[in-house]
Amino acid sequence: MFLFPLKIFSLLALFSFTFPHTSSSTAAGGDGASVCIIGSGIGGASVAHFLRRHSTNHHPKILIFERHAIVGGRIASVTIGGDAFEAGASILHPKNYHASNYTNFLNLTRKRPSSSEGSFSLGIWDGNGFVVKTLNLKSKWGIVNKIVSFFNGVSLFMRYGFSLVKMKGFVDETVNKFLKYYEGVETRPVFESVEEMLKWAGLFNLTGKSLKEELVDGVKLAPLLIKELVTVITRVNYGQGVNISGLAGAVSLAGSGRGVWAVEGGNWQIAAGLINSSDVELYLHEEIDSISYLGEYYELNSTKGNAYSCEVAVVATPLDESSIQFSPPVSVPVRQLQHTHATFVRGLVNPVYFGLKAVSEIPELVATIEDPRLPFTSISILKCYNETDMTYKIFSRQAMTDALLDSIFSVRKETVQINWGAYPHYKAPEKFAPFILDGKHLYYVNAFENVASTVETSAVAAENIARLILSRFFGKDSSCPSAIKRTSCSSAEALHSDT
Ligand SMILES: Cc1cc2nc3c(=O)[nH]c(=O)nc-3n(C[C@H](O)[C@H](O)[C@H](O)COP(=O)(O)OP(=O)(O)OC[C@H]3O[C@@H](n4cnc5c(N)ncnc54)[C@H](O)[C@@H]3O)c2cc1C
């Protein structure tokens, strides 16, 4: 997720339309086929969108099931102190082209992420003091802000030297390879596995090594930069240190660049808008607990006892903490989710906690290095109402207790806590689940999440799943390269390889 100076959120805006739940078996409709999608996050919403966009000849019935009362999944908002903030995915990268196209298509408005997600002062806290602290001066004079920004750049350069340039080169190279996934469908194959998809773009090798190995042995970064700035970024973005894979690490570092953006009114509107515009039957508050292949079709059963029949089933949620039962069983590599506790506080941080005299001395984003004694990953200002009244977001690996919060905050008017099963626990070499779970028509979008967890990577994976369905089930895919047979758009001769 491209989110370094991250912004936080507010939870759960109610989506405006729901469809009645059915307790009977749903017959296939439209041109004779139904596609059932489990999950209304950006992955599920994007599958529906691309099924419509890439298919002119077929108009299958699309059903989306969502266990919660709202759509969006890990794109959500939280309301604190009367204001809404991003609670999950908060920042989009300037080269997130699907997210950008969605935003235009849905007539949504972009904005700069608030406060510490844009330009901000940074402090790296080691438990005893700030090992890095950039200037915190804000002025109404643009020239003054530019000088402060220049000074901060120079001081970071003095500390980390040309390693900063090398780091940027590594990130740019990775992002440029990722851009291959936006090539026209005439030249871009449909991929049957995550491994094929990564090899085609020249990204597979980056999943075989940890970020630390990649940066030390390959990029030859200064150890201090890895220990401090790089670690801080991966911790803030993925709650994990530099042992995550090189590819997840590069994605995480990319989010610390310039030009990040968000959607005015909440990023969740992207998922909602895609569902709303894709002629979908949406079932809210409908948790699917089993998927059974009954020959020619799948039967989905919900916890409420409803049953649905579909010729194609798409799982658009991580299976790692899921209780969905498959018959026959499916096999996916064991993967743990990293839990991130997001705590939102309206109040005021106590400068004494950081050994400082005044609140104004505390950087807008305080991030910590890897040390098990440190009780939080980051504290950032979301909104400053006045000098004594602000809204903050705290990320931590464990839940923040009241006692701990009271030691950090001198004033706490309102507190909201969310425990996210946030993203995979990354570990190189990564093992990937199959896109096609049963060799038939049961698909898994979040197999791609071991590459990296972002809005954009979900969208890229979802587009590929939509094309797979069109080529494998509907028997033709106008988007396959013409020289490649429809059932194997990912045939070997179409692939580039980096192995
Ligand atoms: C705190 C946090 C910050 C983040 N920041 C960023 C960021 O700044 N930028 C960025 O790009 N990415 C960010 N991410 C990552 C990003 O949010 C995710 O990668 C992305 O939203 C995943 O989308 P998805 O559709 O694959 O899964 P999800 O959003 O998890 O959607 C899955 C949906 O399926 C539903 N579901 C699950 N099981 C069932 C069932 N059995 N039946 C019915 N419904 C079910 C769930 O309720 C959920 O709505 C962040 C994530 C977190 C947690």
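Student: At what angle do the axes of H1 and H11 cross?
Tutor: In this predicted model, helix H1 (residues 42–54) and helix H11 (residues 455–472) have axes that cross at roughly 45° and come within 8 Å. That makes H1 oblique to H11.

Student: Is the crossing left-handed or right-handed?
Tutor: H1 passes H11 in a right-handed crossing.

Student: Which residues of H1 and H11 meet?
Tutor: On the H1 side they are Ile42, Gly43, Ser46, Val47, Phe50, Leu51 and His54. From H11 come Val455, Ser458, Ala459, Ala462, Glu463, Ile465, Ala466, Arg467, Ile469 and Leu470. By class, the contact of H1 with H11 has 11 nonpolar, 4 polar and 2 charged residues.

Student: And which strands does H11 lie across?
Tutor: H11 lies across E13 and E20, and runs at about 160° to E20.

Student: What is the strand order in the sheet with E13 and E20?
Tutor: The order is E9-E2-E1-E13-E20, an open sheet of 5 strands with parallel pairing. Strand E9 (280–283) and strand E20 (442–444) stand at the edges with a single partner strand each, so one side of each has no neighbour in the sheet. From one strand to the next, the twist averages 20°.

Student: How many bridges between E1 and E13?
Tutor: There are 4 bridges, in the parallel sense, between E1 and strand E13 (residues 312–315). Within that pair, valine 35 stands opposite valine 312 in E13.

Student: Changing topic. How many disulfides does the count come to?
Tutor: The count comes to 1 disulfide. Cysteine 36 is joined to cysteine 310, with S to S at 1.7 Å.

Student: Where do cysteine 36 and cysteine 310 lie?
Tutor: Cysteine 36 is in strand E1 (residues 34–38) and cysteine 310 is in strand E12, so the pair ties together parts that are 274 residues apart in sequence.

Student: Why is the disulfide left-handed?
Tutor: The torsion about the S-S bond of cysteine 36 and cysteine 310 is about -40°, so the disulfide is left-handed.

Student: What about the sheet with E12, what is its order?
Tutor: That open sheet of 4 strands is ordered E12-E11-E10-E14, and its pairing is mixed. Strand E12 (307–310) and strand E14 (325–327) stand at the edges, each with a single partner strand, so one side of each is left without a neighbour in the sheet. On average, neighbouring strands in this sheet are turned by 15° against each other, direction ignored.

Student: Do E10 and E11 pair in the parallel or the antiparallel sense?
Tutor: Antiparallel: strand E10 (residues 288–293) and strand E11 (residues 298–302) pair over 5 bridges. Isoleucine 288 stands opposite serine 302 in E11.

Student: Back to helices. At what angle do the axes of H4 and H8 cross?
Tutor: Helix H4 (residues 163–178) and helix H8 (residues 246–254) cross at roughly 105°, with axes that come within 9 Å. H4 and H8 are therefore roughly perpendicular to each other.

Student: Which residues make the contact of H4 and H8?
Tutor: H4 gives Met167, Phe170, Val171, Thr174 and Val175. Gly246, Leu247, Ala250, Leu253 and Ala254 are the contact residues of H8.

Student: How do the residues of that contact, H4 with H8, divide?
Tutor: The division is 8 nonpolar, 2 polar and no charged residues.

Terms used: Residues are numbered from 1 along each chain as its sequence is written. This is a predicted model: local features need pLDDT of at least 70, side-chain atom pairs count only at pLDDT 80 or more; totals for chains, interfaces and linings use all residues. Side-chain values use heavy atoms; hydrogens and water are left out. Axes are lines fitted to C-alpha atoms, for helices over the stretch in contact, and angles run from 0 to 180 degrees between N-to-C directions. Helices (H or I, at least four residues) and strands (E, at least two) are DSSP runs, numbered from the N terminus. Angles under 35 degrees count as roughly parallel, over 145 as roughly antiparallel, 65 to 115 as roughly perpendicular and the rest as oblique. A crossing is left-handed if the near helix is turned anticlockwise from the far one by less than a right angle, and right-handed if clockwise. Contact means heavy atoms within 4.5 Å. Ala, Val, Leu, Ile, Met, Phe, Trp, Tyr, Cys and Pro count as nonpolar, Asp, Glu, Lys and Arg as charged, and the others, Gly among them, as polar. Two strands pair if DSSP finds at least two bridges between them. A disulfide is a pair of cysteine sulfur atoms within 2.5 Å.
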